[in-house]
There are 2 protein chains.
Amino acid sequence: MNRKSKPTSWYSSNNNNNDDDNNKTLKILSSLMARKSSLLKQTLIACVLFILTVYAFVNAFFTPSDDNADSNARVTSYFSRTLDGISPNSPKVRVYMYDLPRKFTYGIIEQHSIARGGQVAPVADVSSLKYPGHQHMGEWYLFSDLNRPEEDRLESPVVRVTDPDEADLFYVPVFSSLSLIVNTGGGGASSSETVRRYSDDEMQEELVEWLEKQEYWKRNNGWDHVINAGDPNAMLRVMDRVKNAVLLVSDFGRLRPDQSSLVKDVIIPYSHRINTYTGDLGVQNRNTLLFFMGNRYRKEGGKIRDLLFNVLETEEDVIIKHGTQSRENRRAATQGMHTSKFCLNPAGDTPSACRLFDAIVSLCVPVIVSDDIELPFEDVIDYRKIAVFVETSIALKPGFLASTLRAVTTERILEYQKELKEVQRYFIYDHQNGTVNEIWREVSQKVPLIKYMINRDKRLVRREPSKSDCSCLCTNQTGIISSL
Amino acid sequence: MNRKSKPTSWYSSNNNNNDDDNNKTLKILSSLMARKSSLLKQTLIACVLFILTVYAFVNAFFTPSDDNADSNARVTSYFSRTLDGISPNSPKVRVYMYDLPRKFTYGIIEQHSIARGGQVAPVADVSSLKYPGHQHMGEWYLFSDLNRPEEDRLESPVVRVTDPDEADLFYVPVFSSLSLIVNTGGGGASSSETVRRYSDDEMQEELVEWLEKQEYWKRNNGWDHVINAGDPNAMLRVMDRVKNAVLLVSDFGRLRPDQSSLVKDVIIPYSHRINTYTGDLGVQNRNTLLFFMGNRYRKEGGKIRDLLFNVLETEEDVIIKHGTQSRENRRAATQGMHTSKFCLNPAGDTPSACRLFDAIVSLCVPVIVSDDIELPFEDVIDYRKIAVFVETSIALKPGFLASTLRAVTTERILEYQKELKEVQRYFIYDHQNGTVNEIWREVSQKVPLIKYMINRDKRLVRREPSKSDCSCLCTNQTGIISSL
């Protein structure tokens with residue numbers, strides 16, 4: 001922690017160059033001095049001392065030296081300090097991360113392990129706990145990001161503060177998605193009578209009880225809090241009590257419009273489970289036209305999958321296979337996605353599915369058949385450049401999908417692949433300037449609206465109960481049939 | 001345009017100065033080494049020169065020089081260029097202002113003048129035209145602001161660009177509010193048969209026809225356009241055709257929720273018509289408890305006014321007077337607002353009214369009785385600190401308002417006044433860092449959401465017509481009865 005970090009920004013390296021320059025000047029001066037008469041020597045010493053004083057003054061003014069890395073000192077952020085008077089639109093947003101009771105973070109990792117026959121007693125050193133990989137592990141990356149030393153976070157759109165009074169936002173780093181799957185593994189100690197079965201519902205209730213006791217939650221009724229609920233089922237039991245917060249979600253499949261929306265919340269990507277394709281662009285090694293591997297039978301919007309199977313499984317250049325999550329199937333899916341031109345992304349139980357993000361990192365052009373899908377970072381990503389959208393009823397027309405995709409030229413596929421390559425970093429959680437930074441950027445953009453709602457809520461007078469008080473942004477598009 | 005732009009940031013000036021400093025230092029050193037006679041003198045001169053250089057360096061550091069005003073060079077803004085790699089949340093938003101046909105801007109000033117017996121033929125030099133003062137003249141200040149040379153706009157949150165391809169937003173500087181009142185003056189040439197009567201409806205239709213032919217309007221269906229509709233009746237006839245734009249409005253009184261909302265649009269202040277109070281804080285010269293002067297009879301929400309008259313006109317320390325717009329009444333209102341502790345702000349035909357902003361600059365604590373009012377800049381202004389909110393039915397209880405206000409201590413009134421003084425600049429359109437900058441700041445904050453909607457709209461597939469596609473932010477507060 002105390003090691004002097006290397007300059008990570010032009011700002012500090014710039015200062016280091018100043019140091020070098022000055023050192024050289026001083027060396028020249030001192031070597032000169034060594035050979036001069038004493039009068040000259042004294043004058044020069046006085047002169048040098050004066051210069052050094054001025055230099056120290058300049059330096060102190062401009063250099064947030066690396067060893068004053070007290071996060072408090074950085075609270076006002078580079079921008080507000082150095083560009084004083086110019087006043088950029090937004091200085092860095094300041095985030096306070098709650099030090100949650102262990103049962104809401106590391107405790108869940110332990111429970112996950114216990115349920116799979118791992119250690120039973122809590123470990124002393126949390127750093128020995130490994131968060132298990134799964135498609136909603138974004139919660140782990142955000143938590144880890146804020147736990148990094150601030151000097152490693154200079155590129156982040158947010159700065160972590162240790163004093164809640166300085167915070168714009170409050171992050172609640174509960175592992176809400178992992179909590180959902182603690183008991184899904186089957187077997188292990190969970191079947192043993194000695195261990196009380198973990199309850200996600202209880203965890204949710206306890207978290208909200210804890211939260212509602214917090215001064216900063218009560219202060220603004222939760223508006224300025226950020227909660228990760230990546231799995232469409234996460235936090236669902238207590239959603240009405242946490243809905244004011246900025247929710248990080250995969251879609252709105254299980255949420256009512258008054259609980260969650262594009263305006264208030266942030267759509268986050270699933271954590272891709274398939275390796276990033278690192279080969280060359282092109283279709284030489286992509287002989288399959290369209291690939292899908294996943295559960296054929298899903299509820300609600302996902303019912304379309306079975307219908308798509310019917311339409312597509314007779315097409316020769318299409319691979320469409322039923323398969324559930326397993327290491328072996330993941331290998332097969334990797335192989336399939338890395339050797340196909342297009343990857344099919346039908347809705348699952350909810351409009352989103354991890355497969356989209358697997359396709360993106362595989363440079364396999366996604367074919368999205370999910371009419372209510374919402375997409376992450378859509379302010380900066382034009383998804384028509386990286387994916388094909390097809391309206392459901394059209395996609396089900398026999399022959400349509402396969403013949404339309406076959407007609408796409410190699411040049412066009414290359415264009416898609418090039419764009420996919422461009423945006424890959426947005427979907428890689430452990431990229432140094434990837435998903436995590438982009439999520440914080442999106443969250444930061446909510447701050448003005450959050451502050452607006454906080455102030456407005458407190459002065460709103462009683463209204464007729466019949467009047468709802470919602471501010472909406474509505475689209476008035478009739479919608480496309482296919483983006484091809 | 002090709003002249004080499006001077007360093008526009010401390011970063012580049014820093015580098016340049018480093019070079020200069022080093023060159024000078026080396027020159028001095030070499031001259032020192034070359035001649036050894038009169039060595040002391042030389043050294044002293046060198047020392048002074050060096051100190052001067054360091055001083056110049058420090059100076060350049062702190063002074064963003066004013067003559068670096070090439071607007072194209074500034075397009076990418078200080079932030080994106082100089083902080084490369086750190087990437088602040090938002091570089092300056094780039095605004096392109098349409099060069100509208102004259103009939104939508106200066107032509108309306110002319111028509112207003114003609115209707116009042118002014119000149120009949122269009123003037124050659126538009127700078128001789130004076131935009132007439134009225135409560136919705138914000139449109140004039142925004143137009144004038146963007147017409148100022150960029151070097152005078154350094155503090156603005158937006159930068160004007162002359163190339164529409166570089167723009168984030170497009171400003172349509174129509175004088176929509178002035179257009180509404182062209183014919184309201186009565187008399188003058190408008191009664192003459194020789195001059196065709198001006199039609200605001202026709203102006204609106206013609207503007208939309210013009211707009212819908214513009215490439216940049218069509219490109220994103222108007223989402224990235226900004227239109228001033230300050231008067232609650234402005235642009236109303238064509239609202240459904242311009243509703244995608246960011247509307248600058250006084251309230252939502254005449255607008256449907258799918259046309260306008262806090263999320264998409266910006267609430268702007270009326271232009272105050274009463275002089276700013278420049279005297280000391282305090283209540284010594286404010287003997288009236290509560291003051292109101294304005295139209296007693298209004299439609300819709302404004303019906304409350306007559307009821308408030310009934311309740312308040314018998315109170316001894318309250319002045320509540322019926323009066324319409326006139327120069328004389330404005331003088332009386334100024335006198336009243338500058339000598340009262342509280343100023344009553346009931347709803348008008350729509351929830352907002354200019355009186356609130358007159359009260360604010362008069363340091364007369366506003367008492368807002370308008371349940372559906374929306375307030376400008378509420379993300380940065382906590383109105384409970386500068387105004388009293390009272391729910392309508394409570395305000396109408398005989399005796400309640402006067403006795404509640406009488407109970408407010410002088411200290412509390414002083415606190416209100418101090419806060420009012422603090423925020424005055426937000427409500428002064430011709431303040432150098434006043435309303436105009438704040439409006440642009442609010443508009444800038446919409447950009448991420450606008451870009452989101454633009455990208456999303458284009459890939460949305462056809463949905464069931466029954467499904468509305470709105471993203472909402474809803475308050476779930478029951479509301480207060482009185483903020484006192």
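Author: The account below takes the strands of chain A, and then turns to chain B.

This is a predicted model, in which local features need pLDDT of at least 70 and side-chain atom pairs count only at pLDDT 80 or more, while totals for chains, interfaces and linings use all residues. Residues are numbered from 1 along each chain as its sequence is written, chains are lettered from A and ligands numbered from 1 in the order in which they are written, and side-chain values use heavy atoms, without hydrogens and water.

In chain A, six strands form an open, parallel sheet in the order β2-β1-β3-β4-β5-β6. Helices (H or I, at least four residues) and strands (E, at least two) are DSSP runs numbered from the N terminus; two strands pair if DSSP finds at least two bridges between them. At the edges of this sheet stand β2 (158–160) and β6 (266–267) of chain A, each pairing on one side only. The parallel strands β5 (residues 246–249) and β6 of chain A are joined by two bridges, and Leu248(A) stands opposite Val266(A) in β6(A).

Helix α17 (residues 435–459) of chain A packs on the sheet and touches β1 (93–97), β2, β3 (169–172), β4 (225–228), β5 and β6 of chain A. Contact means heavy atoms within 4.5 Å. The direction of α17(A) makes about 135° with that of β3(A); axes are lines fitted to C-alpha atoms, for helices over the stretch in contact, and angles run from 0 to 180 degrees between N-to-C directions.

Strands β7 (residues 288–294) and β8 (residues 318–322) of chain A run parallel and are joined by five bridges. Within this pairing, Gly294(A) has His322(A) in β8(A) as its bridge partner.

In chain B, the axes of helix α5 (residues 138–147) and helix α16 (residues 435–445) come within 10 Å and cross at roughly 85°. α5(B) is therefore roughly perpendicular to α16(B) (under 35 degrees is roughly parallel, over 145 roughly antiparallel, 65 to 115 roughly perpendicular, the rest oblique). Tyr141(B), Leu142(B), Asp145(B) and Leu146(B) of α5(B) meet Val436(B), Ile439(B) and Trp440(B) of α16(B).

Strand β7 (residues 288–294) of chain B contains Met293(B). Because its relative accessibility is 10%, Met293(B) counts as buried (under 20% relative accessible area; exposed is over 50%, partly exposed in between, with a 1.4 Å probe and protein chains only). Beyond its neighbours within four places in sequence, Met293(B) is in contact with Lys321(B), Asn329(B), Ala332(B), Ala333(B) and Arg355(B).
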